Amino acid sequence: MIYGFSDNKSLVYHLVNSGVLRTPDIIKAFENVDRGDFVGNTVISDIYGDYPLQIGYSQTISQPTTVAIMLEMLQPRQGQKILDIGSGSGWTTALLAYIAGERGFVTGLERIDPLVEFGNDNLKRYRFSNAKIIKAGAKLGMPGERFDRILVSAAAEEFPYELADQLKTGGRLVIPVGSFIFEVAKKENGELEIFKHYGFSFVPLILEK
C-alpha cells in the first residue's frame with residue numbers, strides 16, 4: 001500500500017505506528033529533520049509520501065520506511081564518527097548528524113557533483129557543525145579512516161569487504177547488496193557477524209573499474 005501524508009509529523013507518526021521506528025534518538029531525528037527539506041522540486045503532495053522520490057540524475061531519496069529500517073539496523077549513537085555513502089540530497093546525512101550530536105561527526109559521500117552541492121545546501125538549513133558532504137573518490141568509502149558506523153544507500157552487486165576494513169572494532173555497517181540489506185557487526189576479534197534481510201530495491205552503487 002502507498003501512503004501519502006500532509007506533513008512530516010504525520011509521516012513520523014505512521015513510521016512509529018507501523019513499528020519500523022522504535023529507538024527514541026532515531027525517532028527524534030525523524031521528527032526534527034523534515035524530509036520536505038530534502039526533496040527538491042517534487043510536487044508538494046509527494047513530499048511526505050512513504051515511497052522513493054526522484055531527485056534528478058537518475059537518483060532517488062529513499063522511501064522513509066526503508067530509511068527507518070536501515071537506521072534501526074545501524075543503531076547510530078551520540079558522539080560517533082559516521083560515514084554515509086550515497087548521500088544524495090543529504091537527508092540521511094542530516095538524520096545521522098542529529099543523532100551523532102556535537103561530539104560526533106558525519107561525512108557524506110556522493111559521486112554526482114550537483115548532488116554534493118544540493119546536499120550541502122540542504123544541510124545548511126539545519127546549521128550542523130558536525131556534518132559535511134564531499135565528492136566520493138575513486139576508492140569505495142574512505143580507505144585509511146575508521147568509522148563507528150557506515151551507512152550505504154545504493155546497492156552493491158556483491159558485499160564489499162573493503163568497507164568492513166573501514167569499521168572500528170564494535171562498529172556496524174548497513175548496506176544493500178542486490179535485493180538484500182546486509183546488517184553487519186564487527187566483533188571484538190575482528191570477525192564479521194552478518195544478517196541478511198530480503199525484499200528491497202535501491203539504485204546501483206557505482207564503483208570504479
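Predicted model: local features only at pLDDT ≥ 70, side-chain atom pairs only at ≥ 80, totals over all residues.
Let me begin with Gly 101, which follows helix H4 and has a positive phi, near 70°. Helices here are DSSP runs of H or I of at least four residues, strands are runs of E of at least two, and both are numbered from the N terminus. Residues are numbered from 1 along each chain as its sequence is written, and side-chain values use heavy atoms, with hydrogens and water left out.

Helix H4 itself spans residues 91-100, and nine of its ten residues are buried. Buried means under 20% relative accessible area, exposed means over 50%, and partly exposed lies in between, with a 1.4 Å probe and protein chains only. Among the buried residues of H4 are Trp 91, Leu 95, Leu 96 and Ile 99.

I turn to the chain as a whole. Its secondary structure amounts to six helices and nine strands. The radius of gyration is 16 Å, close to the 17 Å from the globule rule for 209 residues, so the chain is as compact as a globular protein of that length. That radius is taken over C-alpha atoms, and the rule is 2.2 Å times the number of residues to the power 0.38. Along the principal axes, the C-alpha atoms fill a box of roughly 45 × 35 × 35 Å. Of the 209 residues, 53% count as buried. Taking contacts (heavy atoms within 4.5 Å), 56% of those between residues at least 6 apart in sequence join residues at least 24 apart.

Strand E8 (residues 180-186) runs antiparallel to strand E9 (residues 192-198), and seven bridges join them; strands pair if DSSP finds at least two bridges between them. Val 184 in this pairing stands opposite Ile 194 in E9. Five residues lie between the two strands, and Gly 190 in the hairpin takes a positive phi near 90°.

Finally, which backbone angles deserve attention outside glycine? Most residues other than glycine have a negative phi. Tyr 57, however, has a positive phi near 60°, and its place is in the loop between strand E1 (53-56) and strand E2 (59-61). Arg 127 likewise has a positive phi, near 55°. Arg 127 lies in the loop between helix H5 (113-124) and strand E5 (131-135). Is Arg 127 buried or exposed? Arg 127 counts as exposed, because its relative accessibility is 78%.
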